[in-house]
Amino acid sequence: MADANDIVTPEIRSWIGRKTPLTPLLVMGDSDIRRYADATDDRNPLWFDDAYAKEAGYKQRLLPPTLVGWVPFSLKENDDGTAKDDKPDLRRRVPVPPNYTNVRNAGSETEWLLPAYPNEQLSSQSVITDIVARQGRFGVGIYISQEEQVLNPAGQTVLRRRHTIALFPEKKI
């Protein structure tokens, strides 16, 4: 059995601080908001009515925050679940031992810091923030944390999300 102190090598640890390039996201407009509302039955007037949104203190109607948080996720993987080379999920590129194929979600925290508006060009950037190994019930797990930011055209952070995945050795049945 691997020792938690030995499994995170200097090569693996060197991934802490690596960043993706700032990547433009899909521009979302009225049809995206309508499809979101149809799918979720969320008819909040903040998404549809400029006058209502202005009365509430915004410059115009908003993109639903859940929609803003979904777009960066949608760009990370191909249809078959493999990482896209040009918009990689850095956590999946860390050179962990080849038998560490059992991937689990180990936590996520999202903060919406500013409103986002329809037809704004948002962009995303991610950085690996931590890699540790811990002994657990399934063996030694490698926990990789990444912080992702969605930025508005002024470069201000609209959304900040921290994710951690845990990788374990695949069990032979």
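Colleague: Leaving aside its neighbours within four places in sequence, which residues is S123 in contact with?

Modeller: S123 is in contact with L22, T23, P24, L25, Q149, V150 and L151; contact means heavy atoms within 4.5 Å. Please note that this is a predicted model, in which local features need pLDDT of at least 70 and side-chain atom pairs count only at pLDDT 80 or more, while totals for chains, interfaces and linings use all residues. Residues are numbered from 1 along each chain as its sequence is written, and side-chain values use heavy atoms, with hydrogens and water left out.

Colleague: Why does S123 count as buried?

Modeller: Buried means under 20% relative accessible area, exposed over 50%, and partly exposed in between, with a 1.4 Å probe and protein chains only. The relative accessibility of S123 is 11%, so S123 counts as buried.

Colleague: In which strand does S123 lie, and which residue stands opposite S123?

Modeller: S123 belongs to strand β3, residues 123–136, and P24 stands opposite S123. Strands are DSSP runs of E with at least two residues, helices are runs of H or I with at least four, and both are numbered from the N terminus.

Colleague: What is the order of the strands in the open sheet, and what makes β1 and β2 edge strands?

Modeller: The five strands are ordered β1-β3-β4-β5-β2, with antiparallel pairing. β1 (23–24) and β2 (102–112) are the edge strands, as each pairs on one side only. The protein chain also has five helices, and its pattern along the sequence is α-α-β-α-α-α-β-β-β-β.

Colleague: Why is the one aromatic pair called edge-to-face?

Modeller: Rings of Phe, Tyr and Trp (its six-membered ring) pair if their centres lie within 6.5 Å; planes under 30 degrees apart count as stacked, over 60 as edge-to-face and the rest as tilted. In the one aromatic pair of the structure, the ring centres of Y143 and F168 are 6.2 Å apart and the planes stand at 85°, so the pair is edge-to-face. It links distant parts of the chain, with Y143 in strand β4 (residues 139–151) and F168 in strand β5 (residues 157–168), 25 residues apart. Both Y143 and F168 are buried.

Colleague: What lies over the face of Y143?

Modeller: R134 lies there, at 4.2 Å from the ring centre. A charge sits over a ring if NZ of Lys or CZ of Arg is within 6 Å of the ring centre and within 35 degrees of the ring normal. Likewise, R18 lies over the face of W15, at 4.0 Å from the ring centre.

Colleague: What is the phi of D41, and is D41 buried or exposed?

Modeller: Most residues other than glycine have a negative phi. D41, which is not glycine, has a positive phi near 60°. D41 lies in the loop between α3 (30–40) and α4 (50–55). Its relative accessible area is 59%, so D41 is exposed.

Colleague: Why does N119 count as exposed?

Modeller: N119 has 53% relative accessibility, so N119 counts as exposed. N119 lies in the loop between β2 and β3, and has a positive phi of about 70° although it is not a glycine.

Notes:
Two strands pair if DSSP finds at least two bridges between them.
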